[in-house]
Structure formats: C-alpha cells, structure tokens
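Hi,

Here is the structure I promised to pass on. Have a look at it first, and my notes follow below.

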Amino acid sequence: MRTVYLDHAATTPVHPKVLEAMLPYFSGTFGNPSNLHDIGREAKNAVEEARAKTAALVGATPGEIYFTSSGAESNNFALKGLAQANSQKGKHIIVSQIEHFSILHPAKTLEKSGFTVTYLPTDKEGLVNPDDVAKAITKDTILVSIMHANNEIGTIEPIEAISKITREKGILFHTDAVATTGWIPVNVGTLGVDALSFSGHQFYGPKGAAALFVRKGVRIKPQIEGGIQEDGRRAGTENVPALVGLGKAAELAAAEVGNRMKYTSQLRDKLQKGLQDRIEDMVINGHPVSRLPHNLNVSFWYVEGESMLLFLNMEGISVSSGSACTSRSLKSSHVLTCIGTDAAVANGTLLMTLGMGNSAEDIDYVIEKLPPIVQRLREMSPLYEDMMKKKKAAAR
Amino acid sequence: MEQYSSKVMDHFAHPHNVGEIENADGVGTVGNPVCGDVMRLYIKVDNNVITDAKFKTFGCGAAIATSSMVTDLVKGKSIDEALKISNAAVAEALGGLPKVKMHCSVLAEEALKSALDDYYKKKGVASPVKMPAESGHEHDME
C-alpha cells in the first residue's frame, strides 16, 4: 500500500544529510561543551558552528540565538522571560487569540502574577489587523506576541506592519515562527522583530532542538536556571547531536526554501482543486493568498474529523484532524472558533500539511481515496440525512 | 490519546446495522454537532421484543463503534432487557474505550433510551424510561 504523509506541521522526518551530520556526536565526539579539555572543546565547537548556521537561517548573529528543547520552550521563554525582565516599564501584553497554546497558557500564567493581557481577534481568514494592535497599545504595554503564521490554518500574519507600530512605540515584539521557518523566508531584520521562536523538527531537523532569537541588547529573564550554558540564559547540558542536526537542517533550509515553497504550493493547489472538484459542501479555512505554501485546512459538512482521519489512515494516508472528539475538552479548535467557523463544521476538519517527500502521484492517490470516505461517512450521518430531507422537501 | 481496541476498530471500519428503518416504532436522536457527535437510533418492536435496530451517527471512531455495538446488543432483546443496557456494558462489549471516549458509550445508552422513550410515546403509554443524567462532557478544559 502507498503511504502518504500529510502531517508535516506535526513533525518532519530527519533529512538524511542531517542524520549523517549528527551521528559522530553521540559516542565519538561525545564531550560536554562546558569542559575545557579537548573532548569538551570539540563539542563546544560543534555547538557554536550549529549556532552560526541556525542564526544565518533567520538573518541573526550567532550571539542572538539561544538554543532550547522545543518550540513550546522557546515560546514560554520569550513570553515569560521578556515580560518578567521588562516589567519595570509596564505590565501589559498583547497577543492574538489564535496563538499556539505555548503562548496562550504562559499569557494566562502571567495574568495570575499581575500582568494584563489583551487577546486580539482576527478576521474570518485569520488575519490580525495591525490597526487593532495599535489601538490596543497603552502606556503600560511592554510586549506584543503575534505568530508569523498560524500552525493550523496557515494564515501568514502582517508581521512587518505590526513591527512598524511596535518599534515606533518602543515596545518589544516577539513572533512565533515555528510554523514558517524552513518553509518561507524568515528574516528577523525584514520582519523587524525583537524575538522569534523556531524549531528544528518542523523543517527536517531532529526533535528536541529549537531556538529563540533575542535581539542584541534586549533583556530576557532565564526560565531554566543553574548553569552557564547559553550565555547564562538557559541552563542545562547541551543536546549536542540534536543541535548539530538543527544547524544542518537550518543550512539546508536556507538553501532550499525557495524550492520548497514552489514545490509544495503547487502540490497543495493540486490537492485543493482535486478535492473541490469532487466534494460538495467543503470549506477551505485560512487566507486564500497569505497562507503557508504547504498548508491545506479543510472542513467538510456533516462528517466528523477523527472518522475521516481513521479511514485515511487505513489507506496509508496520515493527516491531522481539528475535531473536538480528538481533544480532551470536546471543544473544537480555538483557531477555527476565532475565525468564526460554525462549530458543527469545525468538527469535520482535516489539516493536511505537505512536504518535500510527497509526489504528484501521492496527491492523486489522496484525491482518489478521500472523496469516497467523505461520502461513506455522510451516508452514515444523521446530519446529512436531515439536510437531504430538507433539500427534497424544498424541491417539492 | 489511548489507542482504540481492535474490536472498536473493527466495528468502526465495518459497522453493523447502519441505516434507517422506514416507519420505525421508535426513533431517538441525541448529542450535539458542536460537541462532535450526534447519534440517531431506529428500533422496530414486535410483541415487546426489539426485532430490528439501525443507526446513523455523526461522530468519531468510538461514536460509530458504540452505535454499532448498541444496535447489536439490543436486537432480539425484550424492552425490559433493553432498558437495562448500560453504557458500561456497551464499552465492555467493545473491549473497553479510551477514557476520553467513554462519553460515546453514554451517548449510545442515551440514544437507545431516547428511542425506547419515543416508542412509548408513539404507543400513547406513559414512558418508564429514565434518561442518564450525566453525559460525561467536560466543556471547560483545554
């Protein structure tokens, strides 16, 4: 059976060149970078080389890159660390309602320790309006955090327009670029941000290696204390092989990003059109143009997401679902809720994220397999039955 | 999330008794599309015995599997026996359900009770059916 992996937003496979770069650092060059002996120095050199490559990917200097263990850690570090280190200037923070929970939950935690947070809505395509950011700013505002692109619906936010406002007002601006880095150009200078999170396993690097860019001169409070690593900002012995892998993945991404955009967007468009031609009552979520090239988020009326996911899995196709039933809370995605997706159809959502390993034949296969699954589930659905009866009654 | 048992996957992939019953003696629809599951159960009753049961379900793998199982369990049973079918019995017959999916078995019990309630109403007889109070939905967690 063909296997088609369409869940690259969940994670990507480690690129063979990345794996090759990592292998010497498990038991060969195994040293602790903090040690002064040669074995330690070799490891230190490898980490610093990885830092330079990682910095280059986002247009930063190596000294502005702090390695972390995950995108979630980078986001926690940014939000809490920047807020706490700058709280003498004010205690108000602005975020969007569609941020990842690794921003929203730290924001809630900060609220409990005396900060106030404004949660900005988006329009129905998931865009934050820069004017809303400007209007939300008060004398007390110290930090804005708006994601570069949303991880579910793929909408790319107007970061440059927002950073113009924050820079004018002298307010720190962090962006969560976990969904974008490696897939579209990410440059801290062009974006005009003071801090930026990204994660290696999102772009063919290993899990457990991520980074936070913090602009030179910006104060940030460590969240993991007790060591001199990462310039004293993040304690803990470095995950040397993973960081080497992150560096290699960053190097590959920098060279390939244009090609990745072209390749995946063309396959994504083919998939979108193929499904639109074959399936009725389907909604494409996110912005039609300002969207990640490899992202397709679709809601199907009258069917539930997890059932589609399970049937696709039986055909060798891996996707994600945004259905309430998959979450512990039985609530549909906060992102779809924010963009105003009807809660009933939100539960029939599939997130398909493409990658460089997908072929045109893979997409043809999905276009062949998904429509009958949707139809089969609709024939089993009381909601579809009701709709069809209404249709018939109206036709009479 | 915990994985589904092979029995759940089997009932999900090949559900029994899918469809509608024309002129059913009882029909029950429970659940809410907002929460992700809606179940509709049809029953045919002859001489106090449920001779046929069919279902339509909008929902996850567990919702479809519990619907399939409850229709299997109820067929051939007397109404009194059917009233005793609990959500736990449905879950057990499926080899267990992940904790977060137990509400699907509650929904299956509710759908059955709602169909039986409808049966009494159609007959013009006072219904002895007690609906389960707690559907196990937690709305305030993330």
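**What I found**

In chain B, G26(B) sits opposite I43(B), a residue of strand 2 of chain B. Strands and helices here are DSSP runs numbered from the N terminus (E, at least two residues, for strands; H or I, at least four, for helices). Before the rest, some housekeeping: this is a predicted model, where local features need pLDDT of at least 70 and side-chain atom pairs count only at pLDDT 80 or more, while totals for chains, interfaces and linings use all residues. Residues are numbered from 1 along each chain as its sequence is written, chains are lettered from A and ligands numbered from 1 in the order in which they are written, and side-chain values use heavy atoms, with hydrogens and water left out.

Back to chain B. Strand 1 of chain B and strand 2 (residues 37-46) of chain B are antiparallel and share seven bridges; two strands count as paired if DSSP finds at least two bridges between them. The chain B sheet is open, with three strands in the order 1-2-3 and antiparallel pairing. Strand 1 (26-32) and strand 3 (49-58) of chain B are at the edges with a single partner strand each, so one side of each has no neighbour in the sheet. From one strand to the next the twist averages 15° (axes are lines fitted to C-alpha atoms, for helices over the stretch in contact, and angles run from 0 to 180 degrees between N-to-C directions). Helix 2 (residues 61-74) of chain B packs on this sheet, touching strand 2 and strand 3 of chain B, and its direction makes about 175° with that of strand 3 of chain B. Contact means heavy atoms within 4.5 Å.

Over in chain A, seven strands make an open, mixed sheet in the order 2-8-7-6-5-3-4. Its edge strands are strand 2 (65-68) and strand 4 (116-120) of chain A, each pairing on one side only. The twist there averages 20° from one strand to the next.

Strand 3 of chain A is worth a click: five of its five residues are buried (under 20% relative accessible area, 1.4 Å probe, protein chains only). H92(A), I94(A) and S96(A) point one way, I93(A) and V95(A) the other. Strand 3 of chain A runs parallel to strand 4 of chain A, with five bridges, and I93(A) has V117(A) as its bridge partner.

At the other end of the sheet order, strand 7 (residues 195-199) and strand 8 (residues 210-214) of chain A are antiparallel, joined by five bridges.

Cheers

Key
Buried means under 20% relative accessible area, exposed over 50%, partly exposed in between (1.4 Å probe, protein chains only).
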